[in-house]
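Here are a few friendly notes to read alongside the model.

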Amino acid sequence: MKIELFDCNAMIGRRILRSRLEFTSAAELVAEMDHLGISDALVHHSLAKEYSPSIGNERLMEEIAPHDRLHPCWVVLPSHTGEMEEPRALVGKMRDRSVRAVSKFPSPPVPPPAFTLQLHRYAMIETVCGDLLQALQDNRIPLFLETQNFLAFPLVSWETVEWILKSWPDLPLVIGGIRQRDNRTLYPLMERFESLHLDITLYGVHRGLEDFTERFGAERLVFGTGLPEFAGSGCAAQLKYAEIADADKQLIAGGNLKRILGGVKHGN
Amino acid sequence: MATSAESRILEKARMGEKLDDVFVLDCHGHIGPSFIHHIPGNDKDGMLKTMDRLGVDVFCISGEAGISCDHRVGNDLVADAVASYPDRYIGYASINPNHAEEAAGELERCFDTLGLTALKIHPTFHVYPASGPNYRPVWEFAARRGCPVLAHTQGGDPNAAPSAYDGIAREFPDVPIILGHAGNTRQGVEEAVEMAGKHTNVFLDLNFSTFYYGLVEDLVRRVRIGQLIYGSDASWNSMSYLLGIILYAKIGDTEKIKILGENAAPLFGIKR
């Protein structure tokens with residue numbers, strides 16, 4: 001069966017760390033997407049994550065402009081230091097430039113083993129992030145949160161995930177970094193909060209897609225690759241070989257992401 | 001590098017088609033529940049269903065309990081799977097080195113009574129060095145019986161880093177040592193490549209570390225092709241996920257066929 005893949009988790013630019021054969025440019029990403037049979041990708045820039053969100057977001061727009069299959073995901077900060085517009089202005093700017101998704105990289109919940117894993121070093125608490133999360137919810141702009149790194153170091157606590165879900169129930173939240181060890185926490189959250197979605201980039205769970213869809217349906221799983229840090233091919237194969245209905249595969253492959261991005265209001 | 005037009009294996013992956021014309025041996029698997037996480041379909045029938053969907057011919061498995069607290073429980077579960085599907089499962093015997101007084105007898109039981117034919121150790125889980133005296137019965141048994149040892153590796157863990165197997169590989173040159181996960185971390189991969197270069201009896205199991213972009217292609221360039229073998233770590237990980245990384249790799253079908261099964265078959269006594 002041929003399914004149309006829309007990747008929710010790709011990056012361009014030079015990263016701090018690098019695999020030996022890793023690529024950096026938008027053109028190379030598109031070539032890799034062709035190899036994997038991916039039609040479209042939601043992309044953020046390494047400069048936005050690992051340098052300056054505002055500079056990186058601008059660079060992203062320049063570099064993906066020639067590629068209509070690449071769609072921007074901005075990395076955002078709280079506005080209080082003046083490094084980023086206040087939330088209403090930010091949302092207006094996103095509307096003007098057709099940006100329909102954001103990522104945030106707050107402080108990890110415990111001291112990280114490496115300096116760079118401090119990420120953007122702000123607390124994910126009401127005083128710091130409440131106005132931004134409210135603006136995102138008002139406009140139904142999906143928030144992508146990487147909750148763990150590849151080696152399962154926590155980047156966003158489960159308590160914070162639950163706090164967001166409880167406080168902003170209409171904010172589409174897509175959590176990533178989830179691997180095979182988290183079902184005991186993931187499942188009850190999925191059961192309780194309909195706004196929670198899972199980016200399956202690293203969700204390499206034996207019969208995991210089958211088990212998840214049987215319990216919760218396929219509407220809250222979103223295909224991702226993690227390119228260029230991760231191969232992406234494993235996630236594609238897992239989905240293609242999953243023993244679930246073809247219609248469910250297509251939802252996970254791209255239908256759900258299109259629905260989420262199509263739900264952005266951009267006007268509140 | 002193979003293009004998509006050249007690779008019928010890639011085309012099968014793109015279409016989600018079963019690999020029914022390639023021999024596939026998965027060298028790294030586990031059966032049974034895990035204390036660390038929930039694993040759907042972790043029994044012999046659940047895993048067989050996935051093997052059949054993908055076209056995996058043979059799956060080499062150890063018991064979850066064997067790499068955690070109770071090797072007898074784990075080995076018995078493996079034996080049950082092998083007895084039920086003798087053409088599809090190959091059984092690893094495991095021992096817990098912290099119960100070392102049982103090791104020699106348990107290995108004899110596994111091979112002579114239960115029908116297991118290979119060995120698996122997990123120095124990270126058992127918090128015990130691969131080269132420590134409590135693992136001596138394993139290495140000596142493998143040398144006597146001429147069977148492979150699947151050894152968990154973990155870069156940065158002195159008990160299980162690939163370099164921890166350097167002396168063992170030299171002392172037991174006739175024992176095939178499969179470095180599980182090929183080092184597991186970036187640092188570990190570099191050590192695993194070094195070990196494979198030094199020892200022809202060292203093989204790299206391409207799972208987990210291969211989540212990283214381009215790693216399969218990089219290893220094919222840097223390691224003798226005959227020392228690279230496919231493993232998934234299912235049911236800990238997804239068999240299809242790890243298989244897909246090999247199927248989509250930008251290498252030739254000839255290399256893929258070797259990695260997917262041809263290289264490992266003789267280690268497990270399978271004639272092709």
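1. A term to begin with: a crossing is left-handed if the near helix is turned anticlockwise from the far one by less than a right angle, and right-handed if clockwise. Helices here are DSSP runs (H or I, at least four residues) and strands are runs of E (at least two), numbered from the N terminus. By that wording, helix 9 of chain A passes helix 9 of chain B in a right-handed crossing.

2. Please keep in mind that this is a predicted model: local features need pLDDT of at least 70, side-chain atom pairs count only at pLDDT 80 or more, and totals for chains, interfaces and linings use all residues. Residues are numbered from 1 along each chain as its sequence is written, with chains lettered from A and ligands numbered from 1 in the order in which they are written.

3. Back to the helix pair: the two axes (lines fitted to C-alpha atoms over the stretch in contact) come within 7 Å and cross at roughly 120°. Among the residues making this contact are Cys235(A) and Tyr241(A) from chain A, and Leu242(B) and Ile245(B) from chain B.

4. Across the whole contact (C-beta atoms, placed from the backbone, within 7 Å), chain B supplies 37 residues and chain A 34 residues. Helix 9 of chain B gives the most to its side, with 8 residues.

5. Chain A itself has 10 helices and 9 strands. Its C-alpha atoms fill a box of roughly 50 × 40 × 40 Å along the principal axes.

Key: Contact = placed C-beta atoms within 7 Å. Axes fitted to C-alpha atoms, helices over the stretch in contact; angles between N-to-C directions.
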